[in-house]
Amino acid sequence: MIPTRFSQVLAALALAIPFSAHAAWPEKPITIIVPAAPGGTTDMSARLISEKLAENLGTSVVIENRAGAAGIIGSQALVRAKPDGYTLIMGNIGPNAINYSMYKDLPYTPDDFAPITLVISVPNVLVVNAESPAKSVKDLIKITKDAPQGGTFGSSGVGQSPHLSGEMFKQRAGIDAAHVAYKGAGPAVTALLGNQFDFMIDNLPSSLSFIQAGKFRALAVTSDKRVPELPDVPTMAEAGVSDMVVTAWFGLLAPKGTPQDVIDKIYTGAKAALESPDIQARFKQMGGTAGGNTPAEFGEFIAAERARWETTVKAANLSAGN
């Protein structure tokens with residue numbers, strides 16, 4: 001009888017171990033992969049939320065930049081990580097929506113990600129170097145059309161919303177401009193500061209400080225209304241370019257298979273962070289809107305975005321191959 005009773009106790013303890021492990025989570029630092037170089041909106045939003053998230057979860061949060069290949073390198077690192085909640089990613093519209101229709105083969109699928117919550121949504125902004133002769137969208141279109149070789153535009157990477165926005169702008173404006181891709185918004189912004197291409201339709205947060213400092217000239221925003229941070233900058237529609245509304249988004253995801261109770265803990269911590277007055281104020285200063293939807297709602301949102309951008313990419317006849 002004693003061995004049997006002992007076995008029953010051991011079995012009960014074994015069943016309790018997984019629950020106890022999740023209940024005690026987190027027991028070590030959390031890493032948020034940023035699939036882009038420092039300086040862009042993906043990086044900025046991850047760093048802004050990380051401190052509050054760390055406080056709310058009772059652990060430290062480390063940012064790890066894995067730039068390159070339109071977010072594919074960082075996304076691949078995430079899906080290969082152990083699904084225990086200690087490795088997350090600041091996903092975005094590029095690798096988690098546009099890439100599926102831009103690339104023939106990807107080392108990940110939509111099902112490899114467990115959505116947590118939307119963090120921030122931002123409009124894009126058409127910018128030129130302050131030394132550019134283009135004072136308006138109309139000027140930029142004319143200058144580009146008059147150039148024998150056409151123009152050039154930069155972006156944070158193939159398949160990112162700045163790239164697709166640039167392609168949409170070319171179509172709507174009837175201009176020819178060669179695309180120059182960089183490994184993130186930071187390097188692209190630096191290149192435009194050095195006049196290495198003609199224009200860029202960047203996520204607003206990564207260009208806003210340079211606009212306010214007079215180093216970039218903002219010609220138009222891709223939102224349906226003017227943004228409070230740039231009240232004198234027209235929307236694309238006001239500037240004469242119709243059907244040109246683009247919103248970029250960024251949000252937290254975990255690897256597939258991450259326990260639901262861990263996902264829920266991260267979501268609760270992230271939502272509290274996003275509702276804090278200082279994060280709300282900082283995101284507003286960036287021209288963005290804080291998220292905070294549930295994991296299920298975020299999953300539905302991403303699925304809708306994949307479908308929407310598939311239509312856009314096909315209509316533009318764009319493909320990154322591979």
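Ala 270 is found in helix 9, which covers residues 260-275. The model is predicted. Ala 270 has a relative accessible area of 0% and is therefore buried. Leaving aside neighbours within four places in sequence, the contacts of Ala 270 are Ile 49, Leu 53, Thr 117 and Leu 252.

**Helix 9**
- Helix 9 consists of 16 residues. From its first C-alpha to its last it reaches 22 Å, close to the 22 Å expected at 1.5 Å a residue.
- Besides Ala 270, the buried residues of helix 9 are Val 262, Ile 263, Ile 266, Tyr 267, Gly 269, Ala 273 and Leu 274.
- Between the C-alpha atoms of Ala 270 and Gly 214 the separation is 34 Å. These two residues are 56 residues apart along the chain.

**Helix 8**
- Gly 214 follows helix 8 and has a positive phi, near 80°.
- Helix 8 spans residues 204-212, and its buried residues include Leu 204, Pro 205, Ser 206 and Ser 207. Leu 208 and Ile 211 are buried in helix 8 as well.
- Which elements do the buried residues of helix 8 pack against? The helices are helix 2 (41-57), helix 7 (185-193) and helix 10 (277-285). The strands are strand 4 (113-129), strand 7 (199-203) and strand 8 (216-221).

**Helix 3 and helix 6**
- In helix 3 (residues 72-80), the buried residues are Ile 72, Gly 74, Ser 75, Ala 77 and Leu 78.
- The buried residues of helix 3 pack against strand 1 (30-34), strand 3 (87-92), strand 4 and strand 9 (247-255), and also against helix 4 (93-102).
- Lys 170 is placed in helix 6 (residues 161-173). Is Lys 170 buried or exposed? Its relative accessibility is 15%, so Lys 170 counts as buried, because the cut-off for buried is under 20%.
- Lys 170 is in contact with Phe 153, Ile 175 and Ala 177, leaving aside its neighbours within four places in sequence.

**Domains**
- The domain assignment divides the chain into domain 1 (30-122 + 248-316) and domain 2 (123-239). The contact takes 30 residues from domain 1 and 21 residues from domain 2.
- The C-alpha centres of domain 1 and domain 2 are 25 Å apart.

**Largest pocket**
- The volume of the largest pocket is about 210 Å³. It is lined by 24 residues, of which Ser 156, Gly 157, Gln 160, Tyr 182 and Gly 184 are the closest to its centre.
- By residue class, the lining of the largest pocket has twelve nonpolar, eleven polar and one charged.
- Domain 1 and domain 2 each supply at least three residues to the lining of the largest pocket.

**Backbone exceptions**
- Most residues other than glycine have a negative phi, and most peptide bonds are trans.
- Ala 69 is not a glycine, yet its phi is positive, about 55°. Ala 69 is placed in the loop between strand 2 (61-65) and helix 3. With 42% relative accessibility, Ala 69 counts as partly exposed.
- Asp 243, also not a glycine, has a positive phi of about 55°. The loop between strand 8 and strand 9 holds Asp 243. Asp 243 has a relative accessible area of 60% and is therefore exposed.
- The peptide bond from Trp 25 to Pro 26 is cis, with omega near 5°. Pro 26 is placed in the loop between helix 1 (2-24) and strand 1.

Conventions. Residues are numbered from 1 along each chain as its sequence is written. This is a predicted model: local features need pLDDT of at least 70, side-chain atom pairs count only at pLDDT 80 or more; totals for chains, interfaces and linings use all residues. Side-chain values use heavy atoms; hydrogens and water are left out. On a 1 Å grid over the protein atoms alone, a cavity is a set of points where a 1.4 Å probe fits but cannot get out, and a pocket is an open set with protein on both sides within 12 Å along at least five of seven lines; lining residues have an atom within 4 Å of a point. Grid points are joined across faces, edges and corners, and a volume is the space filled by probe spheres set on the points. Ala, Val, Leu, Ile, Met, Phe, Trp, Tyr, Cys and Pro count as nonpolar, Asp, Glu, Lys and Arg as charged, and the others, Gly among them, as polar. Domain bounds come from an automatic or database domain assignment. Helices (H or I, at least four residues) and strands (E, at least two) are DSSP runs, numbered from the N terminus. Buried means under 20% relative accessible area, exposed over 50%, partly exposed in between (1.4 Å probe, protein chains only). Contact means heavy atoms within 4.5 Å. The expected span of a helix is 1.5 Å times one less than its number of residues.
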